[in-house]
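Visitor: I would like to learn how to read a structure like this one. Can you take me through it feature by feature?

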Amino acid sequence: MTKILVIEDEEFVRENLIDLLDAEEFETFSADNGKDGVAIATQEVPDLILCDVMMPELDGFGTLERLRQNSATETIPFIFLTAKAAKIDFRQGMELGADDYLTKPFTRAELLGAISAQLQKKARVQAKYESDLAQAEAKLDYLMHHDPVTGLTNRLSLRDRFTKIRETAPLDAENKPIIPVLYLSLDRFERLQKSLSHTHQSTLLQEFAKRLTACIQEGDTVAYLSDREFAILLATATQRQDALRVAQAIGKELDRPFLVSDSQTEVFLSASIGISLYPQNAEDIDTLLSQANAAREYVVAKGGNGYHLYTVSLQVTTGDDLSLESHLRRAIERNELQAYYQPRIDLKTGEIVGTEALARWIHPEKGFISPGKFIPIAEETGLIVPIGEWMLKTACAQAHQWHQQYNKPLVMAVNLSSRQFMLPDLCQRLVRIFSETQLSSRYLELELTESVLVQNPNLARQNIIALKNLGITIAIDDFGTGYSSLNYLHSFNFDILKIDRCFVSDLTENPQNAAIVKAIVEMSHSLGLTTIAEGVETESELSCLQEYTCDQMQGYLFSPPVNAEAFGELLAQDKRLPMLASV
Ligand code: C2E
Ligand code: MG
Ligand code: MG
């Protein structure tokens, strides 16, 4: 039902209006002064507001001004009702952003006409916004899911495809599903890179992609991974021989030379192919790819140009992980963990506005161990729960101390693993940490990855609401490396989007990445999200980001993650990002 709010101090007029609108089956709300009107509008977010000009408490102009300052109410169509038809009032109202003006007394037809015109205009604006958003979303989706040179799908889409194929995989002779995964690289491509121009290399890759596609059937998928490596999902296979047959067919396609440099030069390519099988070898695409890659490496080591099926003996086991795990169990007690802090800079002011806490492990014998190595082990073993809790407590206490010392509203961002996110008592744990460390919850920001959300979307939605109700800010970390579209992710109602380093790192040389970052920032802004670019290393990346109006950045260009003492010094000297002249 369409909601209409009437703000009018004269009881007689107000009730008349309400009766009339009720009869037209609008849902009505009313207030007899501007102040209450603003409060009701903020709470109910009506579809249209009718408002008197002269009222006690807050007049119509003041009411409109306040409504236009609040993002929840700023676009609500607003019609003034007034007995005075003075031109000056009319102009003042319009300048404040009123949509229409009705002079009392007005007829029923005039009123309903004005309402209907505004509602139609609102619907048109909304439809336009939605279709623009859908278009931008589709464009971004395409950019993020395809390789620009070959036009093939990329690693990101491969995951999606695999999940879909798995649901409908054909069955083998024993009625078991089967999906072969092929991992393929071009042998000795480096020698061609020396002799062929960039354009000719691209043409060669495109031609190669075509031949690969010719070897598979409709429903199968060829993806370009990176650095001349490809993957194939054989959705139509019913036995492992089908995989071998495709590998042989690819070998045969490569017997014919490729013509490059305006058909002047013949080039021969050969490929090394590794194959793994779902579900015999593994159930998830990441493991299947790494197994197929291990089989491919075996072929490469044998001189390339061939294929090999993955076997367990190819697995790289080091025993290293096991000894790390047992040490990690005691790392907290032994004070071997440290929190490092990387500043986050506002791109408009160049000021430090926040920091991300990043775990560091200083192992007594092995020395520095990177989180990339120990966090996955901690996640697998569940040790991430105590480690993550220690990080939260340490970071919150640190933030509180810095607030007191430097009197700046510094935001503290902490990474939250999926195990922590799924803890049924996460909110209680956080409340305890806030009370122990005296940090106000509004300074804590939790960074979640896309994969955490898509595992169990409904639960994730509820958890995020609960966290936001505590006053915590939610960020999506490593955006673009996961599975989903921005519009879908947005339904989780987070506040901040962190653009993954892989899009930022060669922003200036890679037009595809530039287009992606630009589109992400634009879409985020139209969805009301703050954007943060991760891993900014060069001045030119920075100036691109400023041009795209990205909000904040983190990266070595300003500072790597540093220990608490060094971060304190950055705050003490109020270090700033030198602002570029052009901005
Ligand atoms: P992340 O949350 O995406 O953190 C950003 C990573 O990018 C950090 O790596 C940071 O040192 C690195 N980085 C920042 N600026 C630059 C740059 O300009 N260039 C380059 N090349 N790298 C940059 P780090 O500290 O090695 O952490 C890796 C990942 O480990 C983090 O990625 C995060 O996912 C995880 N992690 C770290 N600490 C924690 C923790 O306390 N809890 C959880 N659950 N995960 C953590
Ligand atoms: Mg992070
Ligand atoms: Mg990240």
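Guide: Start with one contact: a polar side-chain atom of Asp 478 is 2.9 Å from an oxygen atom of ligand 1. Keep in mind that this is a predicted model.

Visitor: How much of ligand 1 does the protein bury?

Guide: Compare the ligand alone with the ligand in place. Alone, ligand 1 exposes 810 Å². The protein buries 83% of that area.

Visitor: How many residues surround ligand 1?

Guide: A shell is read by counting, then by class, then by origin. Here 22 residues surround ligand 1. The closest are Arg 360, Asn 415, Asp 477, Glu 537 and Tyr 556. By class, the shell holds 9 nonpolar, 5 polar and 8 charged residues.

Visitor: Which elements supply at least two residues each to that shell?

Guide: Strand E15 (352-363), helix H12 (371-381), helix H13 (384-406) and strand E19 do. E15 gives the largest share, with 4 residues.

Visitor: Now the metals. Which protein atoms coordinate the magnesium ion (ligand 2)?

Guide: The magnesium ion (ligand 2) is coordinated by Glu 356 (OE), Asn 415 (OD1), Glu 447 (OE) and Asp 477 (OD). Their distances run from 2.0 to 2.2 Å. The spacing in sequence is E-x58-N-x31-E-x29-D. One pair links distant parts of the chain: Glu 356 in strand E15 and Asn 415 in strand E17 (residues 411-415) are 59 residues apart.

Visitor: Is Glu 356 buried or exposed?

Guide: Check its relative accessible area against the cut-off. Buried means under 20%. Glu 356 has 3% relative accessibility, so it counts as buried. Asn 415, at 27%, is partly exposed.

Visitor: Are Asp 478 and Glu 534 buried or partly exposed?

Guide: Apply the accessibility test again. Asp 478 has a relative accessible area of 25%, so it is partly exposed. Glu 534 is at 11% and therefore counts as buried.

Visitor: Let us turn to a strand. Why is strand E1 (residues 3-7) called largely enclosed?

Guide: Count its buried residues. In E1, 4 of the 5 residues are buried, so the rest of the structure largely encloses the strand. Then look for its partner. E1 pairs with strand E2 (residues 27-31) in the parallel sense, over 5 bridges. Ile 4 stands opposite Thr 28 in E2.

Visitor: And the whole chain: how many helices and strands are there?

Guide: The chain has 22 helices and 23 strands. Of its 583 residues, 49% count as buried. Its C-alpha atoms fill a box of roughly 90 × 60 × 55 Å along the principal axes.

Note on methods. Residues numbered from 1 in each chain as written. Chains lettered and ligands numbered in written order. Predicted model: local features only at pLDDT ≥ 70, side-chain atom pairs only at ≥ 80, totals over all residues. Heavy atoms only, no water. Buried < 20%, exposed > 50% of the residue type's maximum accessible area, 1.4 Å probe, protein only. Near = heavy atom within 4 Å. Polar contact = N/O pair within 3.5 Å; in protein donor to acceptor, adjacent residues only side chain to side chain. Areas by Shrake-Rupley, 256 points an atom, 1.4 Å probe, with all protein chains shown as cover. Nonpolar A, V, L, I, M, F, W, Y, C, P; charged D, E, K, R; others polar. Donors = N, O, S within 2.8 Å, 3.2 Å for Na, K, Ca; no water. Pairing = 2+ DSSP bridges.
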